[in-house]
Amino acid sequence: MILYFSATGNSAFAARKLAEATGDRVLSMEEVTGPVEISVGERLGLVCPTYFYGLPAYVEDFMDAVELRVPAETYVYAVATYGTFCGQVCELLGQKLQQKGIELSARFSIRMPDTWTPVFDLSDSSKVAKIMAEEPAQLTKIADRIKKERKNKRAKRQVPMKVVQLYHPNYEKFRKTKYLWTTDRCTGCGKCAANCPTDTIEMKNGRPFLPKSKCSMCLRCLHQCPVFAMQYSDQTMNHGQYTHPEEL
C-alpha cells in the first residue's frame with residue numbers, strides 16, 4: 001500500500017509509478033476514510049512533497065489522525081518529492097510512525113519541479129521539461145530498492161535537522177490565507193473550493209472566500225485554476241502554473 005498527498009500531481013505521479021513498478025496498491029491520503037490495514041507481507045509506503053524542508057500541514061494532520069494497522073516486520077518506506085532539498089521529510093514521517101509503534105525501514109527522495117511559485121519560476125517550459133526528464137531514472141532506482149526491501153537511514157538531498165528546525169517555522173507565516181487573492185479573471189467556477197484538500201475555500205457571491213486564517217498552502221487552487229485567477233501575494237503572476245502532465 002502506498003499512501004500519498006499531492007497538490008499538483010508530482011507526488012501522485014511518483015506514487016502511481018512506484019505502485020506500477022512494485023505491484024503495490026496506491027491511495028491518496030485524501031481518500032482515506034478509516035483505518036488503513038496492511039496485510040502480512042505487504043509493504044507500506046508514504047509519499048509526499050517537501051514544504052519548507054518539512055511536512056505539509058495536511059500530511060502532519062493526517063499522520064496524527066490515521067489508524068495504521070501494520071504487522072510486525074513490515075517494510076515501511078517514505079518518499080519525499082522536492083525541488084531543491086528534501087529537508088527532513090522522511091525523518092519527520094518516521095517520527096510520526098514511531099509514535100504509532102511503526103519503524104521506518106527506508107528513506108528516498110526524488111527531484112521534481114518545485115511548485116512554490118512565490119519563489120520558483122515555472123514559466124520556462126524547457127527548464128521544467130529538463131527536470132521532469134530526470135524523473136523516470138530516479139523512480140526506477142527507487143522502485144528497484146523497494147522491491148528488494150533495501151533499508152537505509154538517509155534520503156538524498158537532506159539537510160541537517162537543526163536547519164529544518166530553524167527554517168520550517170517560516171511555513172506558519174507563509175501559509176496564512178491573507179496572501180491568497182483572485183484577479184478579475186475569476187469566473188466563479190468554484191473549482192478552487194471543490195478541490196481544496198482542507199476545505200478552506202468557500203464560494204460567496206460567486207467569488208472564492210477564505211474564512212480560515214491558515215491552510216496547508218499547497219497552492220492547488222492557484223495551479224489548477226482554469227483562468228489563473230488565484231494568486232499568492234504579488235509574487236506568482238509571472239511565475240506560471242504547473243500540474244504534472246500525467247496527473248491532469
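This is a predicted model: local features need pLDDT of at least 70, side-chain atom pairs count only at pLDDT 80 or more; totals for chains, interfaces and linings use all residues.
Figure 1. The phi angle of L219 is near 65 degrees, a positive value in a residue other than glycine. L219 is buried, at a relative accessible area of 2%. M217 lies in the loop between β10 (207-209) and α9 as well. For M217, phi is near 50 degrees, again positive in a residue other than glycine. M217 counts as buried, with 4% relative accessibility. The cysteine C218 is also buried, at a relative accessible area of 9%.

Figure 2. Searching the whole structure gives zero disulfides. For C218, the closest cysteine sulfur is that of C196, 6.4 Å away and too far for a bond. For C86, the closest cysteine sulfur belongs to C90, at 5.7 Å, which is also too far for a bond. A disulfide would need the two sulfur atoms within 2.5 Å. C86 is buried, with 1% relative accessible area.

**Figure 3. Helix α5 and its buried face.** Helix α5 covers residues 135-147, 13 residues in total. From its first C-alpha to its last, α5 reaches 18 Å, close to the 18 Å expected at 1.5 Å a residue. The buried residues of α5 are E135, Q138, L139, I142, A143 and I146. Viewed down the axis of α5, these buried residues fall within an arc of 130 degrees, so they line one face of the helix. An α-helix has 3.6 residues a turn, so residues three or four places apart point the same way. A137 and T140 are exposed on the other side of α5. Packing partners of the buried residues of α5 are α1 (10-22), β6 (76-82), β7 (106-111) and α4 (125-132). Just after α5, E149 has a positive phi of about 55 degrees.

Figure 4. V128, I131 and M132 are buried in α4. Down the axis of α4, its buried residues fall within an arc of 100 degrees, so they line one face of the helix. K127 and K130 are exposed, on the face of α4 turned away from its buried side. The buried residues of α4 pack against β7 and α5.

**Figure 5. Contacts of L93.** Apart from neighbours within four places in sequence, L93 is in contact with L46, C48, L55, V59, M63 and A78.

**Figure 6. Q88 between β6 and α3.** Q88 sits in the loop between β6 and α3. With a relative accessibility of 7%, Q88 counts as buried. The side chain of Q88 reaches the backbone oxygen of V159 at 2.8 Å. Not counting residues up to four places away in sequence, Q88 touches Y53, Q158, V159, P160, M161 and V164.

**Figure 7. Surroundings of M1.** M1 is in the segment before β1 (2-4). M1 is buried, and its relative accessible area is 6%. When neighbours within four places in sequence are left aside, the contacts of M1 are D24, R25, L27, V36, I38, E42, R43, L44 and G45. Y51, by comparison, is 50 residues from M1 in sequence and 23 Å from M1 in space, C-alpha to C-alpha.

Methods
Residues are numbered from 1 along each chain as its sequence is written. Side-chain values use heavy atoms; hydrogens and water are left out. Buried means under 20% relative accessible area, exposed over 50%, partly exposed in between (1.4 Å probe, protein chains only). Helices (H or I, at least four residues) and strands (E, at least two) are DSSP runs, numbered from the N terminus. The expected span of a helix is 1.5 Å times one less than its number of residues. The arc is that of the directions from the helix axis to the C-beta atoms. Contact means heavy atoms within 4.5 Å. A polar contact is a pair of N or O atoms within 3.5 Å; within protein, one must be able to donate a hydrogen and the other to accept it, and residues adjacent in sequence count only if both atoms are side-chain atoms.
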